[in-house]
Amino acid sequence: MDIRAGLLSGSKRAAARLITMIENGDPEAIEIIKENYHKTGKARIIGVTGPPGAGKSTVTDKLAKLVRKQGKRVAIIAVDPTSPFSGGAILGDRIRMSDLNTDEGVFIRSMGTRGALGGLSKSVHGAIKVMDIFGCDYIFVETVGVGQSEIDIVKVADTVLMVMVPGLGDDIQAIKAGIMEIGDVFAINKSDREGAEKTATEIELMLDLNGMTEYRPPVKNIIAKDNKGIDELWEALESHYKYMVSSGNFDKRREKAIETEILEIFKQNLLDRVMRLQKNTEYLSELISKVFNKQLDPFNAAVELANVLNKEEGK
Amino acid sequence: MNRPIRVLVAKPGLDGHDRGAKVVARAMRDAGMEVIYTGLRQTPEQIAEAAIQEDVDCVAMSILSGAHNHLFPKVVKLVREKGGEDILIIGGGVIPEEDIPGLKEAGIAEIFTPGTPTSVTIDFIRNNIKRD
């Protein structure tokens with residue numbers, strides 16, 4: 001399969017294979033991304049996050065259909081957790097998106113977290129770039145069901161949609177500190193259930209505590225399965241986008257995302273170098289036993305490791 | 001390369017019983033595979049398109065309705081047409097013995113009937129996928 005040609009001629013098969021290569025750490029995939037990097041940055045990236053069972057997939061499905069009516073091309077990256085024991089996963093987000101499967105202008109990809117803890121997979125950055133190069137106008141990134149601190153989505157998305165549900169009761173207190181701070185737009189799904197207004201009020205109160213800022217995240221009551229409130233939700237997402245652009249925060253957030261990405265890659269490269277050194281010289285094992293026997297402390301061991309790394313590679 | 005095998009588990013057609021498919025999906029997960037579960041009442045077009053987008057190694061279908069002779073071959077044909085020539089396609093469910101040769105001829109690599117231990121299906125997938 002010619003991935004390069006396929007990617008540019010709009011072959012989903014090629015784009016899908018490229019994402020697999022990224023997930024599996026194939027160096028060829030990085031070369032292809034490098035060659036096409038200048039084409040990225042056009043797609044708008046909308047993160048969809050919230051607790052398990054809140055309806056993230058259903059909301060994403062409805063929003064994607066609305067965007068499709070405008071003739072835009074849509075990608076959905078849906079992340080579900082990987083088992084820490086077997087490395088396997090059940091990726092079930094497509095269940096709610098069945099009728100998007102056969103829409104020519106939609107590309108859905110499910111991913112396992114594969115050990116990442118921030119609510120996304122390490123390969124999400126790469127998959128977003130593939131979809132962007134592929135020509136998608138909107139990329140929805142659906143996180144795993146989140147608890148309190150899985151906030152990696154804010155590092156990749158232009159807009160973060162937080163999907164909540166009524167009836168979490170006192171739990172709402174518990175999640176106020178972490179994920180509640182990253183929502184740009186809040187949707188209270190399943191608003192036909194008791195307590196929907198109360199949940200909305202609680203979120204409004206939480207937002208009040210943030211004080212006066214130039215942008216206040218809107219809170220929308222929706223019933224995604226019945227397609228209720230989706231138009232209004234989309235308007236709220238659009239108004240966040242407009243605010244971001246007019247305030248200059250859009251570029252700032254993207255620059256921040258690039259900074260994070262460069263540093264992540266740098267960190268990974270450094271780790272790869274250490275692992276290569278270990279493979280060739282077992283030097284790391286020596287340091288470990290020295291620290292274990294209290295001949296050395298971990299802080300000085302790290303310094304020594306850096307010195308040896310430079311020396312070995314300078315040879 | 002050490003990578004998880006990706007399997008699409010699908011229920012084509014109109015029967016609403018997916019207990020068996022879920023048991024198999026769970027066993028695959030525990031065997032370290034990434035299972036994309038698509039849910040009930042899928043058309044062959046939906047299954048084939050999902051298989052391509054998810055770039056799976058294997059499509060595993062389950063049918064209890066009796067429509068296997070119609071639906072299984074159709075999925076094979078569509079997956080191949082869309083460029084998935086190297087995707088392993090297997091089936092399971094209530095399939096009469098006499099239908100199995102015809103299904104294999106149509107490109108279903110293996111049929112697993114009720115009572116098959118999940119480990120047999122998992123080993124078959126591991127030994128027969130076309131990619132490293």
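## Chain A, chain B and the domains of chain A

Trainee: This is a predicted model, so what makes E3(A) and strand E2 of chain B a pair?

Mentor: Two strands pair if there are at least two bridges between them. E3(A) and E2(B), residues 34–37, share three bridges in the parallel sense, so they count as a pair. In one of the bridges, Ile90(A) has Val35(B) as its partner in E2(B).

Trainee: What makes a residue part of the contact between the chains, and how many does each chain give?

Mentor: The C-beta atoms of two residues must lie within 7 Å. By that test, chain A gives 25 residues and chain B gives 27 residues. On the chain A side, helix H2 (12–23), strand E3 (89–91) and strand E4 (106–112) each supply at least two residues. H2(A) has the largest share, with six residues. By type, that side of chain A holds eight nonpolar, 12 polar and five charged residues.

Trainee: And inside chain A, which domains are assigned?

Mentor: Domain 1 (1–36), domain 2 (40–247) and domain 3 (259–314). The C-alpha centres of domain 1 and domain 2 of chain A are 26 Å apart.

Trainee: How do you know that domain 1 and domain 2 of chain A are in contact?

Mentor: Contact is judged on C-beta atoms within 7 Å, and 11 residues of domain 1 of chain A meet that test with 11 residues of domain 2. On the domain 1 side, H2 and helix H3 (27–36) of chain A give two or more residues each. H2(A) brings the largest share, seven residues. That side divides into seven nonpolar, two polar and two charged residues.

Note on methods
Residues are numbered from 1 along each chain as its sequence is written. Chains are lettered from A and ligands numbered from 1 in the order in which they are written. This is a predicted model: local features need pLDDT of at least 70, side-chain atom pairs count only at pLDDT 80 or more; totals for chains, interfaces and linings use all residues. Helices (H or I, at least four residues) and strands (E, at least two) are DSSP runs, numbered from the N terminus. Ala, Val, Leu, Ile, Met, Phe, Trp, Tyr, Cys and Pro count as nonpolar, Asp, Glu, Lys and Arg as charged, and the others, Gly among them, as polar. Domain bounds come from an automatic or database domain assignment.
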